[in-house]
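Colleague: I am new to this structure and would like to learn how to read its features one at a time. Could we go through them together, with the general idea before each case?

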Amino acid sequence: MATLAERCTKMVEDVSPPPGSVPTTSLPLTFFDIQFLGSSPFQRLFFYEFPHPTSYLMQTTLPSLKTSLSLTLQRFFPFAGNLVFPAPPQIPYILYTQGDSVSFFVNESTADFSHLAGDHARHFQEFQLLLPKLLPAIASKTSSGCIQKMPLMAIQVTLFPNQGISIGVGFCHVAGDGRTLAHFMKSWASIQQSQGDLTCLNNPLPDFSSRDLIEDPLGLASLFMKRKWNFEDLSNNPIKKLRITCTIKRSQVELLKDLIKKGCVEDNGSEPVSISTFVVTCAYMWVCLTKLQETTVTQQISSADYSDELSYFLFAVDCRGHLKLPATYFGNCTIARTVAVKRSALIGETGIVVAGKAIGREVMETYKGPLKGAERREIFKSRHPPIMVSASPKFELYKIDFGWGRPRKTEVANIGSLGSLSLFSIAESREEEGSIEFGLALAPHELDIFNSIFHRTY
């Protein structure tokens with residue numbers, strides 16, 4: 001009998017919303033969406049313990065997963081649609097046409113599930129085998145000129161027989177942000193658990209109507225359309241990178257908060273500073289990664305010149321609350337904010353306090369208006385790439401349960417492929433409420449250095 005992997009080429013399916021359930025619909029892009037045109041697909045992996053053989057997956061789990069996915073796409077229909085690029089100067093838009101679908105891949109792996117779902121070093125390429133490939137854009141001619149259509153989502157289920165199962169999701173970032181993906185995954189899991197009974201769902205419908213309420217007084221859509229974004233910079237050779245997960249426990253989070261609060265009091269600072277879990281843990285990682293970058297400084301650069309350079313930290317602000325949009329708004333609603341501090345201050349004895357105060361002040365500024373200064377394109381004057389955080393502990397991804405229990409692990413899988421950024425992900429810890437876990441990709445020679453820095457910085 002052929003294995004699942006051998007049958008897989010015949011089993012790749014297109015999953016659509018139920019026939020006739022969604023009319024042909026187009027969605028205009030907002031400036032929040034347009035800023036991600038040209039960016040590489042966002043990829044996330046979920047690992048679940050699943051001690052069942054291939055036959056059980058084929059006969060029981062797989063059919064119900066496809067059915068529940070179809071019902072979920074009825075609610076989140078844009079993910080089944082396409083990003084349409086009309087002839088310039090028209091702006092791209094999302095179009096769902098009846099019959100559009102999500103590519104659904106199935107695979108079988110003989111790899112060690114516990115290894116892949118662990119926190120220790122794993123090769124970047126090992127994750128890529130568990131992720132779907134989005135189909136390329138297709139060009140066609142219309143009466144108004146040539147257009148291109150690009151699929152927005154693909155999903156891959158990989159079985160590790162008698163060990164576990166992974167769900168890999170790849171989607172075009174133009175379609176939505178991390179909160180939108182989390183809403184989609186929670187809804188899919190809820191429908192799967194209820195065996196398709198939509199009356200049992202505890203997840204609200206996604207909101208599409210608020211898209212028309214987003215105004216653009218700064219003309220950001222026009223500015224973003226002129227930019228040439230390309231985050232698919234593989235100059236750092238991601239295939240050779242190692243993925244690790246590190247955790248800051250709740251007790252350590254509280255110590256960091258106390259440290260930064262004390263630093264604010266001693267400085268007699270009049271500016272308000274946010275001292276949240278997000279702020280203090282990102283401050284810690286900013287310092288650690290800056291110290292790691294310092295170890296790669298070449299001997300040709302004088303230490304004085306180097307320490308006077310600025311280190312940049314980027315984080316995304318969810319603007320739903322500021323714009324009075326519902327939390328269920330479908331699409332992108334984030335804007336990047338930038339903080340800059342001298343490297344010498346970050347690597348000094350009070351580096352964590354300096355980083356925490358800088359991020360905390362910027363967070364307070366976003367409460368006044370997260371779009372302030374968004375029309376300016378940041379110029380990073382540094383020999384090293386900026387450091388950026390992805391995702392949020394508020395997504396509560398470890399609560400996504402398809403009926404197999406909570407995820408053993410979830411990862412932002414494309415970390416390490418963005419050579420133009422030093423990116424790490426942040427999430428709530430699976431093991432302890434209030435703890436935070438980070439995912440990052442390092443070159444092999446950086447691994448021991450980073451571990452030493454991470455465990456001795458505080």
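Modeller: Let us begin with contacts, and keep in mind that this is a predicted model. Contact here means heavy atoms within 4.5 Å, and, once neighbours within four places in sequence are left aside, I449 is in contact with L292 and T295.

Colleague: Where does I449 lie, and how far apart are I449 and T295 in sequence and in space?

Modeller: I449 belongs to helix α13, which covers residues 444–456. Along the sequence I449 and T295 are 154 residues apart, while their C-alpha atoms are 8.4 Å apart in space.

Colleague: How should I read F124 in the same way, and is F124 buried or exposed?

Modeller: F124 is found in helix α5, residues 124–128, and with a relative accessible area of 4% F124 is buried. The C-alpha atoms of F124 and R243 are separated by 5.9 Å, although these residues are 119 apart along the chain.

Colleague: What does A80 touch, and where is A80 found?

Modeller: A80 lies in the loop between α3 (54–75) and β4, and, not counting residues up to four places away in sequence, A80 touches P17, L73, Y96, D100, S101 and V102. Since its relative accessibility is 1%, A80 counts as buried. Distance along the chain and distance in space are to be read separately: A80 and H52 are 28 residues apart in sequence, and their C-alpha atoms are 30 Å apart.

Colleague: Which residues does T328 touch?

Modeller: Leaving out residues up to four places away in sequence, T328 touches H183, P204, L205, P206 and D207. T328 sits in the loop between β13 (310–318) and β14 (334–342), and T328 counts as buried because its relative accessibility is 18%, the cut-off being under 20%.

Colleague: Let us turn to the backbone; what should I expect there before looking at particular residues?

Modeller: Most residues other than glycine have a negative phi, and most peptide bonds are trans. With that in mind, N162 has a positive phi of about 65° although N162 is not a glycine, and N162 is placed in the loop between β10 (153–160) and β11 (164–171). A391, likewise a residue other than glycine, has a positive phi near 75°. The place of A391 is in the loop between β15 (387–390) and β16 (409–412), and A391 is partly exposed, with a relative accessible area of 24%.

Colleague: Which residues does a cis peptide bond join?

Modeller: The cis peptide bond joins P88 and P89, with omega about 10°, and P89 lies in the loop between β4 (82–85) and β5 (93–96).

Colleague: How many disulfides are there?

Modeller: A disulfide is taken as a pair of cysteine sulfur atoms within 2.5 Å, and by this rule the count comes to zero. C146, for one, is in no disulfide, and the nearest cysteine sulfur, that of C172, is 18 Å away. C264 is in no disulfide either, with the nearest cysteine sulfur, that of C282, 16 Å away. In accessibility, C146 is partly exposed at 44%, whereas C264 is buried at 18%.

Colleague: How would you read the protein chain as a whole?

Modeller: The protein chain has 13 helices and 18 strands, and its C-alpha trace spans about 65 × 50 × 45 Å along its principal axes. A compact globule of 458 residues would have a radius of gyration near 23 Å, and the 23 Å of the protein chain agrees with that. Of the 458 residues, 53% count as buried, and among contacts between residues at least 6 apart in sequence, 80% join residues at least 24 apart.

Definitions and conventions: Residues numbered from 1 in each chain as written. Predicted model: local features only at pLDDT ≥ 70, side-chain atom pairs only at ≥ 80, totals over all residues. Heavy atoms only, no water. Helix = DSSP H or I, 4+ residues; strand = E, 2+ residues; numbered from the N terminus. Rg over C-alpha atoms; globule rule 2.2 N^0.38 Å. Buried < 20%, exposed > 50% of the residue type's maximum accessible area, 1.4 Å probe, protein only.
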